[in-house]
Amino acid sequence: MEKLTVIKVGGKIVEEEQTLQQLLKDFSFVEGHKVLVHGGGRSATKIASQLGIESKMVNGRRITDAQMLQVVTMVYGGLVNKNIVAGLQALDINALGLTGADMNIMRSDKRPVGEVDYGYVGDVKEVNAGLLASLIEQGIVPVLAPLTHDKKGNLLNTNADTIAGEAAKALSSYFDVTLMFCFEKKGVLQDENDDESVISEIDRISFQQLVNEGVIQGGMIPKLENSFQAIDAGVKEVIITQASEIHKNSGTRVC
């Protein structure tokens, strides 16, 4: 099987010109087939406030009402996505920007109302991996925006980590997939105050120990749980790293 790297980068990196240019350069050095998945939350919040629309968050997750859905569609599917695509074309990478609705590549169900009504937020149910794989095999680099659709004509705001994980799982039938989650540190740290204390490898047993010891906490727990789910579903390896390290394959390897 040919190698494929699915890389998820947070909004902060792709929203600022300087960090975006550096990311695109680093991404261009990643060998073989690749897919880029991006966020864009800060830009969405900023443009919403310019339009007089208040951003509501619960536990770091955005409540997406009808007005906010319009904003995230414009920002994620338009502004942020097309900036990345244009930047990659300048580096001779033939990129194609997609939401889940394009070519029906990712269908979701609207999240049911529980304790919180998240509004127009989607939970991924189906990935059209064959179509995505056929693009990749033609040398096209998909750039996935964090939007899906429900096949009833509605777009849905969808967590970018989830999109990366679901795409990686589905594509593992066609390729040898490495999934990379990029955030602001070089990997999972043994000591949060020491940026060099990267834990090079985590398996399920060490993960449980590190959680019990309080070394791994907060948002890193679901990130790692998602990583193990991806490996269970056929992804070869998951790497948690800093965006500047993506072409070096360094960081924390989840195995």
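A residue counts as exposed when its relative accessible area is over 50%, and as buried when that area is under 20%. I begin with this cut-off because Asp92, with a relative accessible area of 74%, is exposed by it. Please keep in mind throughout that the model before you is predicted.

Let me stay with Asp92 for a moment. Asp92 sits in the loop that joins H4 to strand E5 (95–98). Its phi is near 65°, a positive value in a residue that is not glycine. In general, most residues other than glycine have a negative phi. Lys151 also has a phi near 65°, again positive and again in a residue other than glycine. Lys151 belongs to the loop between strand E9 (147–149) and strand E10 (155–157). With a relative accessibility of 55%, Lys151 counts as exposed.

I turn now to helix H2. This helix covers residues 17–28, twelve residues in number. From its first C-alpha to its last it reaches 17 Å, close to the 16 Å expected at 1.5 Å a residue. Which residues of H2 are buried? They are Leu20, Leu23, Leu24, Asp26 and Phe27. Viewed down the axis of H2, these buried residues fall within an arc of 165°, so they line one face of the helix. Glu17 and Gln18, on the other side of H2, are exposed. What covers the buried residues of H2? The covering elements include strand E1 (3–9), helix H1 (11–15), strand E2 (33–38), helix H4 (66–90) and strand E8 (141–144).

Helix H4 leads us to Val71, which lies in that helix. Val71 has a relative accessible area of 1% and is therefore buried. Setting aside neighbours within four places in sequence, Val71 is in contact with Ala44, Ile47, Ala48, Leu51 and Ile53. Between the C-alpha atoms of Val71 and Met106, which are 35 residues apart along the chain, the separation is 20 Å.

Next, the nonpolar cores. The largest nonpolar core has 42 residues, and those that touch the most other members are Val6, Leu171, Leu179, Ile202 and Leu224. Helix H6 (residues 160–171) supplies the largest share of this core, with seven residues.

The largest cavity holds about 40 Å³ of space. Among the residues lining that cavity are Leu98, Thr99, Gly100, Ile105, Met106 and Ile163. Leu144, Ala145, Leu147 and Thr148 also line the largest cavity.

The largest pocket has a volume of about 1600 Å³. Its lining consists of 49 residues, and Lys8, Gly10, Asn159, Asp161 and Lys223 are those nearest its centre. Which elements give two or more residues to this lining? They are H1, H2, helix H3 (41–50), strand E4 (61–62), strand E7 (122–127), H6, strand E11 (176–183) and helix H8 (220–232).

Terms used
Residues are numbered from 1 along each chain as its sequence is written. This is a predicted model: local features need pLDDT of at least 70, side-chain atom pairs count only at pLDDT 80 or more; totals for chains, interfaces and linings use all residues. Side-chain values use heavy atoms; hydrogens and water are left out. Helices (H or I, at least four residues) and strands (E, at least two) are DSSP runs, numbered from the N terminus. The expected span of a helix is 1.5 Å times one less than its number of residues. Buried means under 20% relative accessible area, exposed over 50%, partly exposed in between (1.4 Å probe, protein chains only). The arc is that of the directions from the helix axis to the C-beta atoms. Contact means heavy atoms within 4.5 Å. A nonpolar core is a set of buried Ala, Val, Leu, Ile, Met, Phe, Trp, Tyr and Cys residues joined through side-chain atoms within 4.5 Å. On a 1 Å grid over the protein atoms alone, a cavity is a set of points where a 1.4 Å probe fits but cannot get out, and a pocket is an open set with protein on both sides within 12 Å along at least five of seven lines; lining residues have an atom within 4 Å of a point. Grid points are joined across faces, edges and corners, and a volume is the space filled by probe spheres set on the points.
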